[in-house]
Amino acid sequence: MLNLEGQKLPVGSLEGRVAFITGAGRGQGRAHAVRLAQLGVDIIGVDICADMATFDYPCATLDELEETKKLVENEGRRMHAGVADVRDFRALKAAFDAGFAEFGRVDIVIANAGMIRYADEENPQQEWRDTLDVILTGAFNAVRASIDELRAGGRGGSIVLTSSSAGLKGTASPDASPQAYTAAKRGLVGYMQVLANQYAPEMIRVNTVHPTGVISGMTMNEAMAKKAAEIGSNISAMQNALPISILDAEDIANAVAFLVSDEAQFITGTEWALDAGFTVR
């Protein structure tokens with residue numbers, strides 16, 4: 001890989017870089033933090049650490065965010081753990097700025113925070129708004145909180161927006177939150193393409209990843225189990241083409257680690273399906 005001055009950089013090296021990750025308390029966000037730490041990256045990790053009234057399963061806790069920090073430290077790297085709601089730009093910016101002050105740089109941004117309501121809708125307008133705000137506005141806020149410092153580094157960089165197989169292929173639902181989930185995950189693709197075009201001259205690469213079901217707090221909870229039982233025979237519509245029922249968060253983290261690495265220097269503006277063939281069914 002060449003930097004902006006045409007100097008050759010070590011292929012695959014992530015040592016000494018810094019990643020800003022939202023939704024870092026558990027699931028995919030934690031897996032990203034730990035995998036990148038294994039590759040020499042320090043982490044600015046943020047999570048809400050509070051529940052949201054419109055959603056029917058618990059969000060990550062402060063203890064879970066602190067556990068992510070310990071796991072990063074076990075890999076010999078540092079993590080600044082910040083508590084912020086991605087819907088609140090000022091709070092998110094403050095959390096990022098505190099981590100940036102500690103590490104002095106940022107090279108990777110992973111806008112990962114996301115939520116969905118599984119139960120039947122009760123307040124559709126609010127549930128629609130909250131789902132959109134966490135996923136789509138949250139990604140916008142994460143990028144806006146960090147983009148000036150990412151650009152100022154002059155080293156290029158990588159932004160990854162966590163979309164979903166739902167961002168490539170919608171499935172039927174009568175309820176506001178799942179409808180908003182698909183709309184938001186698809187909206188991330190358009191936002192990604194705008195950013196990829198905007199920042200390509202500065203060697204800042206921007207991509208979306210589109211996982212199928214992943215083991216996390218979002219899928220392993222009573223609300224999801226109840227919904228799966230309700231849809232019963234229709235569950236086949238949600239199955240993957242490959243004989244893999246669900247992915248581990250580490251599977252996604254391994255792919256993202258490649259995507260933010262120097263080996264992927266030419267990959268930008270793409271929708272990367274990490275979906276076990278879900279979208280070809």
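**Helix packing and aromatic pairs in a predicted model**

Reader: Is the crossing of H1 and H2 left-handed or right-handed?

Author: The model discussed here is predicted. In it, the two helices H1 and H2 cross each other, and the hand of that crossing is right-handed.

Reader: At what angle do helix H1 and helix H2 pack, and are they roughly parallel or roughly antiparallel?

Author: H1 covers residues 27-38 and H2 covers residues 62-74; their axes are 9 Å apart, and the packing angle is about 15°. Angles under 35 degrees count as roughly parallel. H1 and H2 are therefore roughly parallel.

Reader: How do the residues of the contact of H1 with H2 divide into nonpolar, polar and charged?

Author: H1 contributes Arg-30, Ala-33, Val-34 and Ala-37 to the contact, while H2 contributes Glu-64, Glu-67, Thr-68, Leu-71 and Val-72. By class, the residues of this contact are five nonpolar, one polar and three charged.

Reader: Is the pair of Phe-20 and Phe-96 stacked, tilted or edge-to-face?

Author: The structure holds five aromatic pairs. For Phe-20 and Phe-96, the ring centres are 4.9 Å apart and the planes lie at 55°. Planes under 30 degrees apart count as stacked and those over 60 as edge-to-face. The pair is therefore tilted.

Reader: How many residues apart are Phe-20 and Phe-96?

Author: Phe-20 lies in strand S1 (residues 18-22), and Phe-96 lies in helix H3 (residues 89-103). The pair thus links distant parts of the chain, with a separation of 76 residues.

Reader: Are Phe-20 and Phe-96 buried or exposed?

Author: Ring pairs join Phe-20 and Phe-96 with Phe-100 in a cluster. Phe-20 and Phe-96 are both buried.

Definitions and conventions
Residues numbered from 1 in each chain as written. Predicted model: local features only at pLDDT ≥ 70, side-chain atom pairs only at ≥ 80, totals over all residues. Heavy atoms only, no water. Axes fitted to C-alpha atoms, helices over the stretch in contact; angles between N-to-C directions. Helix = DSSP H or I, 4+ residues; strand = E, 2+ residues; numbered from the N terminus. Parallel < 35°, antiparallel > 145°, perpendicular 65-115°, else oblique. Left-handed = near helix turned anticlockwise from the far one by under 90°. Contact = heavy atoms within 4.5 Å. Nonpolar A, V, L, I, M, F, W, Y, C, P; charged D, E, K, R; others polar. Phe/Tyr/Trp six-rings, centres within 6.5 Å; stacked < 30°, edge-to-face > 60°. Buried < 20%, exposed > 50% of the residue type's maximum accessible area, 1.4 Å probe, protein only.
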